[in-house]
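This report walks through a structure one region at a time. The sequence and model come first, and the notes follow.

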Amino acid sequence: MRLVLLDIDATKRRNFDPLSLSRPIWELRCGISSLGEKLVARCKPAQTAAFVVDYLVPTTRARSKWPVNDVASLDGDDLLLVSARLKADALDALDTGGPSTVLTAQDGEVLCAWIRKEDLARLKKASIAELLASACAAFRPQVRDLPVWNYAWDLVLANPAQLTKDFAATGKSGIEGSIEEPGAIRGSRKDVYVAPGCTIHPMVVIDASNGPVYLDQGVEVHPFTRIEGPCYIGPKCILLGAKCREGMSIGPMCRVGGEVEESIIQGYSNKYHDGFLGHAYVGEWVNLGALTTNSDLKNDYSSVSVVLDGKAPIDTGSTKVGSIIGDHTKTSIGTLLNTGSFVGAMALLLATGKPLPKHIPSFAWFIEGVVSKGFGKGKLYETAKTAMSRRKCQWTQADQDMWDAVFALTAPQRDEAVRKGRKMMARQ
Amino acid sequence: MATIEERVKAVTARVLKVDADKIKLEDSFAADLGAESVQSIELVAMFEEEFGIEMEEEAALSVETVGSAIEFIADVCKQQGVEA
């Protein structure tokens, strides 16, 4: 059986902006692994293939071990086509031993489809869209209310429970790295995994009394760090006297200090210094300046809204939502982010001493309290190249082409904010 | 109606807090008028607002003197069909 991951709905994937601007949804994290890894682990396919919106194909291909947007992967085997938004457990609804089946959402979006190899011959499959349309015509789709991820904050809110579940699934436990004394492990050692190559300095507390703690290979934990489970720290991260509260997932190569709680950091990002990050999702190559702090709870305890498109607030239904911050964004020292802030990708924020607006578009230069065009995207690309080279990663032409596409995609929100910014500047 | 030169000098004076009468065409925004990088961004935004134009930021920020800015803005106005 071949699993085919789908992230081709250009509208619905925008609900995961700014994180999905630069990656397929299946690369987003929740718990210890990505959404794609969870679907693969659940299906145990012989092969996996993937389809994503066109502008993301070259960069996704460059880092994926799976064929991407290759129509040859739509033939020659039983196919299990799955939306990247589908929660892995939802696949229990599909009988992969039975006849070809298509399950859709109320609006007709194909959430998953099981197509037997012998049925493929009579379906059109020149493109993924054609195959899905052909399968819907051939197999009479069943409308099901299957659990899906709808927004980026869904992942943050589900993270603590998912961490506990994923830790159990790894079957890992014990100390394979080095822990220097004095230090303390609270709770059961069975709920702690310290991978080979980890170095835990003296005066570190790992508290697994309320959930498991998984430190991946090569993690370095500096003195006076406290790590509360459930928690996952990715390969080669460095924790710098951090107060790592429960529910944290940190991808590879991050530097984290200060206080962090129930947040996800995709990878390669720095939150080196003091400042609070709570119920946030931070992309890759982000740098949060010293004392950058986000609010994740309103003073009246009402549910938090997030403005994804720069216009209409969306009620998250949760009283705790912090910031969603896109790749390559940098904040200055002392940046204050409001509850439920949307900070686009490739943005540059200079603090004003006040909480920033709740929506900062991608590629915006937030300076003197307003959104401006700043020095333009060329300067941002130069900075991105430098940041990546510091971690031995290369900025490629494919990266630049992808970001050029993101620049165009996000222009309407940014242009409107820049126009408003100019008017505000003129009034000052 | 004020000329492009007068309007550029007025905006420059307001943003950089200098006397408009003392601004010369050969003055460099940074070296002579003291514009810091953030103020350069503000200047570009204020010229756009003043003239109702959109300037390509990297090209605009490469303009160094007041005289060059006047020529640059006049050119953009012409290209974008804006009467200045």
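This is a predicted model. Chain A holds an open sheet of 10 strands, paired in parallel, in the order β9-β12-β15-β18-β20-β22-β25-β30-β33-β35. The edge places belong to β9 (174–175) and β35 (359–360) of chain A; each has a single partner strand, so one side of each is left without a neighbour in the sheet. For β9(A), strand β12 (residues 192–194) of chain A pairs with it in the parallel sense, over two bridges. Within that pairing, A:Gly174 has A:Tyr193 of β12(A) as its bridge partner.

Helix α5 (residues 152–170) of chain A lies across several strands, among them β12, β15 (213–215), β18 (231–233) and β20 (248–250) of chain A. The helix runs at about 85 degrees to β20(A).

Is A:Thr339 buried or exposed? Its relative accessibility is 6%, so A:Thr339 counts as buried, the cut-off being under 20%. A:Thr339 sits in the loop between β32 (336–337) and β33 (342–343) of chain A. Its side chain makes a polar contact of 2.6 Å with the side chain of A:Ser295. Beyond its neighbours within four places in sequence, A:Thr339 is in contact with residues including A:Asp296, A:Val304, A:Val321 and A:Lys358.

A:Glu220 lies in strand β16 (residues 220–221) of chain A. At 29% relative accessibility, A:Glu220 counts as partly exposed. Leaving out residues up to four places away in sequence, A:Glu220 touches A:Thr199, A:His201, A:Cys237, A:Ile238 and A:Leu239. With A:His201 there is also a side-chain polar contact of 3.5 Å.

**Backbone points in loops**

| Site | Feature | Value |
|---|---|---|
| A:Asp17 to A:Pro18 | cis peptide bond | omega near 0 degrees |
| A:Glu181 to A:Pro182 | cis peptide bond | omega about -5 degrees |
| A:Asn69 | positive phi, not a glycine | phi about 50 degrees |
| A:Met203 | positive phi, not a glycine | phi near 65 degrees |

A:Pro18 is in the loop between β1 (2–7) and β2 (29–30) of chain A. A:Pro182 is in the loop between β10 (178–179) and β11 (184–186) of chain A. A:Asn69 lies in the loop between α2 (57–63) and β5 (79–83) of chain A. A:Met203 is found between β13 (199–200) and β14 (205–207) of chain A, again in a loop. With a relative accessible area of 43%, A:Met203 is partly exposed.

**The interface between chains A and B**

How many residues of chain B are in contact with chain A? There are 14, and they meet 16 residues of chain A. The area buried between the chains is about 1400 Å², and carbon and sulfur atoms give 61% of that area. B:Ile41, B:Glu49 and B:Glu57 supply 36% of the area that chain B buries against chain A, more than any other three residues.

The count of salt bridges between the chains is six. One of them links A:Lys373 to B:Glu48, with the closest N and O atoms 2.5 Å apart. Seven residue pairs are in polar contact between chain B and chain A, with both residues at pLDDT 80 or more. On the side of chain B that touches chain A, α2 (37–51) and α3 (57–61) of chain B are the elements that give two or more residues. The largest share, eight residues, comes from α2(B).

How values were computed
Residues numbered from 1 in each chain as written. Chains lettered and ligands numbered in written order. Predicted model: local features only at pLDDT ≥ 70, side-chain atom pairs only at ≥ 80, totals over all residues. Heavy atoms only, no water. Helix = DSSP H or I, 4+ residues; strand = E, 2+ residues; numbered from the N terminus. Buried < 20%, exposed > 50% of the residue type's maximum accessible area, 1.4 Å probe, protein only. Polar contact = N/O pair within 3.5 Å; in protein donor to acceptor, adjacent residues only side chain to side chain. Contact = heavy atoms within 4.5 Å. Pairing = 2+ DSSP bridges. Axes fitted to C-alpha atoms, helices over the stretch in contact; angles between N-to-C directions. Buried area = accessible area lost by both parts, 1.4 Å probe. Salt bridge = Lys/Arg side-chain N within 4 Å of Asp/Glu carboxyl O.
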